[in-house]
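Hi everyone, thanks for coming.

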Amino acid sequence: MEVAGLSIVSDAAKLATRGMESADVEPELPFAVQDLIRRLEGKVEVWLPELSGPEFRNFFPACASPSTIVGWQSQVRLRVLEAIGSCDTFTLLDIQVIFGGDISRLTASEWEVLLRGFRCSTVLRVIRVEDLTWNSDAEMESLCFQLGRILNTSSVIDLTIVNCSLSARCFLNLASGLRENCQSKLKSLDLHNAWEDSSAVKHVADMINSATRLRKLSLGSCSNGIDDMDEAALGILSQALLHSSSLKEIKLVDVKWGASLLLKALAGDDGNRSIERLLLENMDRLGDCIRELLISNRSLKEVRLNSLRMRPEEWHQLGEAIRDHARAANIIIEFYLDENVEDNWKSIEALACAASSDVKDPTVDLVLTTPSDHEVMLSLNLLGRVLRGEIRSLKSFSLSARHPRTSGSNQDTLKSILPMNGKTGEASVLKSLTLRDSARNLFKGIWKQLFWYLRENTSLTHLDLNHFTLDEEAFRDLMGLLQVNLTLQEIDVSYTSWAKDGKAAQIQEALKQNQKRAVYMSVFRETRLAFGDAKAGRLFLCGSPRAGKTHLRQTLMRIIQGKSWLGNKWCALRRTKGIEVEFLQNNDKMQISIWDLAGQWIFRTLQNVLFPQTNNFCVFIFVYSPFGKPESCFRDELEDWLSFITSSTKCTGHNLPQVLVVISHKDKVISNSLNWAHSIVDELTKRFANFVDLLPIEDCCFVDTRKRKQVIPLKNHIFQSLENLLSEKSPRVPKLCFQLTSLFATTTKENRSCPLWSSEKFRDFCTPILTQAIPPSSVHSVDHSRIKMSLVSYLNDIGSIVCIPNLDYIIVDPNWLTNTLLGELVALGQHFQAQEFETSYELSPDASKDGFVSKSVFAGLIEKFLGKQPCFENVDREVLENILINLDLCFKLEDTSQYFIPSFIPEHASDEEKNDQEGVHAKSMNWANMTKTSQFVGIRIQCQDERTMSLTAAFFPRFQMFMRRKLISEMDVSKENVTCSRHYLQLFLDGHQIYVEHVQSEKSHKYVDVLMLCSSQKSREAAIKYVMKHIVQELISFCASPKGCPGVALVLGVMQTRCVEMLIPSYLRRVILIEKLKSDFIRSINDKLEEIPLDSLHLVEKEELFLYEQCWPPIEGHTERISERARDLLWDSDVEAIVNDIRQKRIQQLESLQEGLISLNNDLAQCYPEAEDIVSNSNIAQMKDWKPRTSRCLSRATSSVESPSTRLVLLKIDLLGQKVDGLDERLRSVQNILQRLDMKMGQILSLQQELQSTLSDFMSRVDMIVEYSQELQVARTPKRPYVTDDVGIFYRMSALLHVGKTVRLHLMCESVTGFHSVNDQEGLKIRLDRENSLWIRKTVEISYKVMHYAVKAGLDVTFGLGQAIPDWEDLKSNIVQLYGISDDDRRAILAGGESKELQEAWLRIQQTLAPQLQNRYSEIFKLYQVKYLSLEKGGHAWVCVQCMNRGLRCGILTC
Ligand SMILES: Nc1nc2c(ncn2[C@@H]2O[C@H](COP(=O)(O)OP(=O)(O)OP(=O)(O)O)[C@@H](O)[C@H]2O)c(=O)[nH]1
Ligand SMILES: [Mg+2]
């Protein structure tokens, strides 16, 4: 197919092939080639193409010598190479990618064509030369010459050569490029296993000398063990280092000559002075050298020692040198703790103790990684000593448990591993603590302990809990810790469950508030004020209108004040407006304020605006009147208030807000029974268990609120609860603050006309009390104004005064604000009639338009208020306006003089016709400048748990005002680009049009939608990044702040794009939670990976794996059923997180599988001494002398394992590990997210391939150990039998098999992707008799063994064998000797070959099942016989229907 505009042969290519007699008829150019050229020429390709794939085979064959390819093929080759060379979009030139490392696939002149274009590249950053192979040295030398030229003139800054053993000439050629140009931009040179022999070193030195901007040099040894460097070469290299003035960092990995080089180049007075960072990895005996450097080199700022091998004494000496002489501020020491290296622990202890100093600041960062739970214990023990202050050398401590082989039974021990031994932790100097647990949740038990110990710690500022699964309990523990610990400044919980369920924002907010608290608390401490236990408690009365709250409050007041019924005539009670606050009890023991909330919904907006910021010691009383209402009302009202309480109160640890239900109107109800309420309370107690402490209804809770006698027991009950709360351990508070709180209460009661105090008045009022409170020892050092500012902040935090920013006054009477002012204003604005028969105020029926009113309406409202109230000191119109604006309840548009005041004035009746969901849709919303190619994004920010949380009425209006102020004053957005309306905020930012929409009504208040029309100038990704940072994250943090809904955790959902585009009303929009979409997406990729046959993995289009679609159901009247690609809905960073997740899991699986395989091989080797022959394969001979290289990531050679097959596994894994490690490094240099994805996907495919082949290897070893033989395979005998008792639960099986018992013989599905039990499988009933009990016993043994190895290899998790696995202890102790083959069998094998008993068992299984195989097989076992196409997978198998269908679908089996 000839495509218009694409000339197949370029002029250059024609030129290059001129003179060639081409008799070939030009065949059609394959699509893949055309496509590639087009992409390259369109300069959209960002990643070098792989030309070794089958689609290019005709032009770039693997076998033929490139010089023999002529004519048409040759022209096409040149065309492709030239297109690559001139593409000029590549940031990374990785030679290996093009032909998998075989450079002989191109001729020298072809390389020249390919590389020519790179010489003048201005985007190229990295050149990698890794794992290359070549036929003649000349080829490599010529390539290096080309690369040298690129180094000379392009923008490349990083050259890496790994595993290539280049000759001296190669380096000469590379260096020649640099020599010619002293302006080379090269900043980093990485040479690992890069030279053939040390004759190359002089040219390396030459490169260092010529690269005047070189900052990083990394040198590493060869994995083949050849690592010599003669004296002369060493001298030249050290001279080059010594004289480099640009070098900042040197890294040496696994080299023998490291010490001599470093001493020559860095030590002493004349050593290099520019190098600041030194990294040493995997080296022996460097103690003396490092000591010398630490002492004599002044310029080293950071020294990182990774997996160094030294004796404990050497570590001790190094520790002392660090303590006494080291100048470097950061000394990072990493240990990989393998079970088998005993000295490691002695070394760590020796170092940590020797470096400990009472006078010097700690400089050591200790990083421990361990795969064993024993080592985790030891590490935690060390941590205990560090936290107690016994070891004072560590600045930071990091502990990663990598796939610890634990059965989980150690958690109890873990809990007691961090004893504080009566110490408070004040002596600790540790600043940063990082804990990681990559797989099995080993740390689960320690959070409580750890957080408890950190309560008194005053050194730790940084805590990193990345990647953990953390539960609600741990969250409460942490929030409890943050109540008392004001030292912690940063807590990293990214990639934890808390980051996903919205708790992270709450933690960040708590830290932010703590920073403020820390300021005033330190002032109090410095002043040495006396501290005492907290005694301020709060009682909130909530419930629907006319429930009897105010009556109850008054009766309680009368009881406390000792007034009799007759002494206090009922004044005509008005319905409450806003919140009425008064002191119920104010004595030495307790200061209880009572907050009586209006039931009317219109006041709800104010209520959480006015909630105090700290909510320790709160009791909420929900008052309910059953009079004249159906029972269902009780549930609805209680649910609603519980949700309000949950959402408005911040989590402060395990002290949940207490909620007591009081039922009023006892006198009006015929039945005294409260049964109807009990069950509802029980149900809601469970649902809200994490958030409120809903107390059971007692008899005393059913009252006539007007009757003193009936209320007295209730009062006692309430006080008892408050006393209990206060007696629990609480943060200590300055006694001075109680005194002030109490004085304010009495003073304001006496003088109600002065609720606002100027700061002078406040100061004068406090001075005498303050003078008394300051101890004589501090009198002279005290800064009075600082203390007063601290007192204001503190009293404001606990709610005894209200301090509004930008207001000149302090409100000392909270009731004035909550009731007199705001309650009244809402009442006036909303035409609320406080008394049923009250004649209406002469109000014009004011209404707002989109939340706005004119200046005159606003002024009228304020005037009416002032006219209605007695005269207050300091209160005038301006002050009132200021209060409203600074509480984020109102703002003024300067140009039109309109006021936005949605909470106070109702909407025009026509617009707002009852706010029910359907009614509300902002008709005024529309997209400006929409085109056909416009891109839309919709994000929903919603309550994590819709059944217990809601966004309270004040939330959205306040967010609107907060955001508006922030955008205009902090981000310089012009006012015209920020429009508020009652239900939305419209923004024009960065070229995007954004709606933030929230429809608030009594029923719907669970989410905020962000709708966005992206700027045509920006990519969708950039648009999402922008909106996430500036809107979504702002909203989430606002919500967690005291101004928002601090109890609400918010999570994100993504919206169907059409809903955004068409602005479909919010209640109809289709949304899926991002976490849900991600997990669906992961599942789809995993399924696809598993379905691909092993041998065609390399053919898989990476793009295909990403084809997962989210199906949206139709929306009546708006859209049809629509599917959208998950990849388009999610953002790239999410897709990357998904790929990371899959990759990480694959690596983990491979590691555990490897461990399982090693243990299996060990066991096999034990019972078959000559096992090497059995388990070896053809590759083994080449590997006899192979020594595994330690790679941090994947390889851990267990010393006991020496069988060749194990070595084979280790080699494979190690090679893969190197690839992963190498790739990781490479990934770091790749900025482009798509490139990274592509690389990682490629890596997942090779991991998958490795996994599958390791798995089949593993299975065949398992078969070997249970003696499932070739004959059985040929006879098609099922190979995964297991036996259960008659009930069918696997773990019930025990050693107690007795004659007469009935058991069932079951079979597992034998799918190659993993065996598993089959749901609802009936199995074959067998009654045990003398004859069959023996082989059945043996069958149990077979299945236990299979299970045992499956668990060891981590397959229980992968295959979902969970419930089939017997209890670990049972597995160990019952029936079989599981470590290795059973003794009987071993004896039998050693004596004569095979275990007769096992053979017998298999024979009997065969005989028993044979009749069933005929026809009833699928009925009894739900299994079907299939044949796997590739032999490697083991021929026939019995699989379940799902596995059969899947296998058929992807063509790996036949029936
Ligand atoms: N018979 C009887 N009447 C009660 C009882 N409790 C309250 N009432 C009456 O119910 C009406 C409302 O009482 P309030 O105490 O003002 O109700 P509230 O819960 O404060 O109402 P809001 O302030 O509007 O939220 C008044 O007329 C009370 O006299 C009770 O236990 N028995
Ligand atoms: Mg009331």
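By a polar contact I mean a pair of N or O atoms within 3.5 Å; within protein, one must be able to donate a hydrogen and the other to accept it, and residues adjacent in sequence count only if both atoms are side-chain atoms. This is a predicted model, where local features need pLDDT of at least 70, side-chain atom pairs count only at pLDDT 80 or more, and totals for chains, interfaces and linings use all residues. Side-chain values use heavy atoms, leaving out hydrogens and water, residues are numbered from 1 along each chain as its sequence is written, and chains are lettered from A and ligands numbered from 1 in the order in which they are written.

So, what touches ligand 1? A backbone N or O atom of His-665 sits 2.8 Å from one of its oxygen atoms. Lys-549 brings a polar side-chain atom to 2.7 Å from an oxygen atom of ligand 1, and Arg-706 places one 3.0 Å from a nitrogen atom of the ligand. On its own, ligand 1 exposes 650 Å², and the protein buries 86% of that (Shrake-Rupley method, 1.4 Å probe).

Now over to helix H9, residues 231-243 (a DSSP run of H or I, at least four residues, numbered from the N terminus). Which residues are buried here? They are Ala-233, Leu-234, Leu-237, Ser-238, Ala-240 and Leu-241, where buried means under 20% relative accessible area and exposed over 50%, with a 1.4 Å probe and protein chains only. Because they cover an arc of only 155 degrees around the axis, they lie on the same side of H9 (the arc is that of the directions from the helix axis to the C-beta atoms). On the other side, Glu-231, Ala-232 and His-243 are exposed.

Note on methods. Helix = DSSP H or I, 4+ residues; strand = E, 2+ residues; numbered from the N terminus. Expected span 1.5 Å × (residues − 1).
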